[in-house]
Amino acid sequence: MKKIVFISIWVGLLSMINVGKALSETNIDPKKVTRVSIVLEHKREIQPDILSLRINVKIKANKETDAINILGDADKRIRKLGLNYKGGDYRIEQNCWWAKKGQVCEGVNGYITYNFELRDYKEQNVLYETLNKIKETYPSLTFEVSEPVWIASQELTDKVQKEIKLELVEKAQDFGEALTEKLGKVCRVTSISFTVWRYLPITYRFTMLKSAEPSSIEAPEPMKDEKTVEVSANVDYLCE
């Protein structure tokens with residue numbers, strides 16, 4: 001993992017009336033007080049641990065109940081795989097298009113969408129094989145795979161962010177000690193606020209071949225590019 005730390009410093013004498021008033025109430029002479037503000041930034045590259053991908057399933061049927069039953073059967077087979085996913089929302093729409101004489105409608109289209117989060121990229125092959133078997137039962141069913149990308153789980157991201165924040169607190173304390181020695185005054189931290197920067201992953205789109213045989217499905221593994229976690233800390237000191 002790579003670690004990068006940047007420090008920017010702004011130093012100035014307290015001059016605001018409300019600050020001076022607050023200091024006078026604590027018997028501190030505003031003229032002898034120095035306020036220092038710095039920004040600490042810490043980046044860390046982490047290996048993503050979740051393969052995220054979206055599956056869109058579409059079925060053409062003569063009537064609404066047929067479409068619902070087919071989607072229900074497909075959903076049952078997918079859930080039996082025990083893979084982690086979100087979604088599963090479905091909808092049924094009239095299958096309509098425009099012709100020279102106006103709008104024409106024939107049958108219905110049913111849709112259902114899943115967002116899978118897989119720990120092992122090979123789990124996607126089991127998913128595609130199952131979808132292909134469903135296609136054998138319902139030839140009018142099609143499915144699309146989109147946006148397969150490795151991401152960092154919330155658990156991993158939270159863990160790294162916590163570690164970075166603690167490191168920034170230590171660096172803030174170290175800087176306060178150095179500031180005390182440099183200015184010849186006693187400097188203490190008065191406030192620390194954190195900002196977390198998020199980097200969105202680049203996504204890709206592709207569609208499975210309709211003619212793929214279950215035994216021949218071996219999907220590619222997207223590159224496991226490192227993800228950046230960055231936290232900045234705004235630190236204020238009061239030196240007297």
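Reader: How many disulfides does the structure hold?
Author: This is a predicted model. C187 and C239 form another, their sulfur atoms 2.1 Å apart. The number of disulfides in the structure is 2.

Reader: What is the pairing when the bonded cysteines of the chain are numbered in sequence order?
Author: Numbered in sequence order, the bonded cysteines pair as 1-2, 3-4.

Reader: Is the disulfide of C96 and C105 right-handed or left-handed?
Author: The handedness follows from the torsion about the S-S bond. For C96 and C105 that torsion is about 105 degrees, so the disulfide is right-handed.

Reader: Does C105 count as buried, partly exposed or exposed?
Author: Buried means under 20% relative accessible area and exposed over 50%, with partly exposed in between. At 42%, C105 counts as partly exposed.

Reader: How many residues apart in sequence are the parts that C187 and C239 tie together?
Author: The link of C187 and C239 is right-handed, with 115 degrees about the S-S bond. C187 lies in strand 7 and C239 in strand 8, so the pair ties together parts whose separation in sequence is 52 residues.

Reader: Which residue is the bridge partner of V189 in strand 8?
Author: Strand 7 (residues 187-197) and strand 8 run antiparallel and are joined by 10 bridges. Strand 8 also pairs with strand 2 (residues 34-46) in the antiparallel sense, over 13 bridges, and there R35 stands opposite L238. For V189, the bridge partner in strand 8 is Y237.

Conventions:
Residues are numbered from 1 along each chain as its sequence is written. This is a predicted model: local features need pLDDT of at least 70, side-chain atom pairs count only at pLDDT 80 or more; totals for chains, interfaces and linings use all residues. Side-chain values use heavy atoms; hydrogens and water are left out. Two strands pair if DSSP finds at least two bridges between them. Helices (H or I, at least four residues) and strands (E, at least two) are DSSP runs, numbered from the N terminus. A disulfide is a pair of cysteine sulfur atoms within 2.5 Å. Buried means under 20% relative accessible area, exposed over 50%, partly exposed in between (1.4 Å probe, protein chains only).
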